[in-house]
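Subject: Structure for you to look over

Hello,

Here is the structure I promised. Please open it alongside this note; my findings follow.

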Amino acid sequence: MTKEISRRSFLKGGLAAAGAVAASSLPLPASVKASTGEELATLIDIRKCIGCEACVEACQEVNEPKFPEPKKPFPKMYPSRVKVSDWSDDRDVTDRLTPYNWVFIQEATVTVNGKEETFSFPRRCMHCQNPPCADLCPWGAARKLRNGITRIDADICLGGSKCKTVCPWHFPQRQTGVGLYLDILPNFAGNGVMYKCDRCYNRIEKGELPACIDICPEKVQKIGPRDEIIKEAHAIAKEIKGYIYGEKENGGTNTIYVSPVPFAELNKAIEKGPGMPDLNPVKDSMAHADNLAKAMIIAPIAGIAAAAGKFYSTSKKLTQSEEGKK
Amino acid sequence: MKARSYALTTGKKWLKKFYILLFTVLAFTGFGQMPIFKRYYISDIPGMGWSADFYVTHYIHYIGAILLLGLVAYCILDYFFTGRREFRLTASAYVRILLLGGIVITGIFRVLKNLPDVVFSPALTLFIDIAHLGFMMFYLLAALLFLIIKSGWTRGIDD
């Protein structure tokens, strides 16, 4: 434990100093490159994370061009219950998710076999397989890509925060005073743009690793085709008698955590709140809608059957009445 | 023969009322997909708290869509079986059918997009979302206009 902490502290300090160094551009693994169009997932082995925040810094650095530059003063919004969400003066905040911080380190101190142990792990968008944020976005601003990334298009998003409401972990974060709403009805509709991890979609397009994976000195994360990542996660879990989070949550996600302690224990120990998601078990948010979608196939058949039935009974009555006249 | 005597004898009145009710529910829950009901106090009206729950409005919208699909299939077939021998559709009916067709088709794509393992391109996703809303807005405007000028769906064969 002591050895673990000192190593963690040493590396944390060293890597923080090296934070200004831009993320290198390691290429994607061959298995990823070969799997064009295949759903990619990331594996996060929390045993390896030392909480150095190198991933946090790398994420901020490579994604800085995507960060909001709001115009101030913000347009007055009506009604008065609509609140401004402004993080532009708090860009250095790294202990939670913000529009300027798309990944942060969560820490949990738990007792394992009578010993107190601290685990740290990066938290960011899980990139669900059937993401409710993308499914329910009324504008098509949030969408899922074929490679398993869920991203929000900042040029289209109006900042209504619906994606945050329907996300089981409430990942997306809003910045007021930026985006399309300013050109439509800034006083009466919209409230900025929602921001969250886009798993460095632009780097992946170029065949590079996401910055947080690329920079990590402990190789906490890896990316690959989802099937392979799931297999590996299970192999690790079997080996360490560990636990998996993200495989089944919300119907399946593309971020798979492996831990030597139950996630329920970690969940109790982490700080939770706005911008600090929990580790609760999550049912498939879209399951009911998917079942109802199946009923939509039956509906027209029922309509056709009803019309045919009506036609048959009307024809029968007509024939009977004509026969009666004769 | 006038449209009034159209052979949907047992169903005509309730069918019309059902269609209006169904469309109202679909329009309300459809607009409820935008985050406006909470902002504009609709969900603060006693008994309307559910309208701010996006999942609830989404389920109701889906149930409404199921009923609409059944109703549309019924009406199309019934028209070809019996209706076309008894009445004609007005020009305004064709406009409404066109817009309704747009709503239904984009709605079907919207549902497909929401299924697991179905991924559309960003451009198609955007088009479907905006087109679905656009067709609905135009339908409501057209319905209002036709209500003002008193143009119904049907006319007699000889009119």
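Among contacts in chain B between residues at least 6 apart in sequence, 77% link residues at least 24 apart. Two residues are in contact if their C-beta atoms, placed from the backbone, lie within 7 Å.

A word on conventions. This is a predicted model: local features need pLDDT of at least 70, side-chain atom pairs count only at pLDDT 80 or more, and totals for chains, interfaces and linings use all residues. Residues are numbered from 1 along each chain as its sequence is written, while chains are lettered from A and ligands numbered from 1 in the order in which they are written.

Confidence. The model scores ipTM 0.87 and pTM 0.88. Chain B averages a pLDDT (the predictor's confidence in each residue, from 0 to 100) of 89, and 92% of the residues score at least 70. Over residues 1–10 of chain B the pLDDT is below 50. This stretch has 19 contacts in the model beyond near neighbours in sequence. Where pLDDT is low, the predicted coordinates should not be read in detail.

Chain B. The chain has 4 helices and 2 strands. Helices (H or I, at least four residues) and strands (E, at least two) are DSSP runs, numbered from the N terminus. Along the sequence the pattern is α-α-β-α-α-β. The C-alpha atoms of chain B fill a box of roughly 50 × 40 × 25 Å, taken along the principal axes. Of its 159 residues, 25% count as buried. Buried means 20 or more other C-beta atoms within 10 Å of the residue's own, with C-beta atoms placed from the backbone.

α3(B) has 24 residues and reaches 35 Å from its first C-alpha to its last. That is close to the 34 Å expected at 1.5 Å a residue, taken as 1.5 Å times one less than the number of residues. Its buried residues include Leu99(B), Ile103(B) and Val111(B).

Interface. 39 residues of chain A are in contact with 34 residues of chain B. On the chain A side, α4 (132–136), β4 (142–144), α5 (162–166) and α10 (287–325) each supply at least two residues. α10(A) gives the largest share, 18 residues. The chain A side divides into 21 nonpolar, 10 polar and 8 charged residues. Here Ala, Val, Leu, Ile, Met, Phe, Trp, Tyr, Cys and Pro count as nonpolar, Asp, Glu, Lys and Arg as charged, and the others, Gly among them, as polar.

Strand β1 of chain A. In β1(A) (residues 40–45), 6 of 6 residues are buried. Leu40(A), Thr42(A) and Ile44(A) lie on one side, with Ala41(A), Leu43(A) and Asp45(A) on the other. β1(A) runs antiparallel to β8(A) (residues 221–225), joined by 5 bridges. Thr42(A) stands opposite Ile223(A) there. With β10(A) (residues 255–259), β1(A) runs parallel, through 4 bridges. Asp45(A) has Val258(A) as its bridge partner. Strands pair if DSSP finds at least two bridges between them.

Cores. A nonpolar core is a set of buried Ala, Val, Leu, Ile, Met, Phe, Trp, Tyr and Cys residues joined through C-beta atoms within 7 Å. The largest has 68 residues, and Cys55(A), Cys59(A) and Cys212(A) have the most contacts inside it. Another core lies apart from it, with 13 residues, among them Ala307(A), Leu26(B), Leu68(B) and Leu77(B).

Best wishes

Definitions and conventions:
A residue is buried if 20 or more other C-beta atoms lie within 10 Å of its own, exposed if 12 or fewer, and partly exposed in between; C-beta atoms are placed from the backbone.
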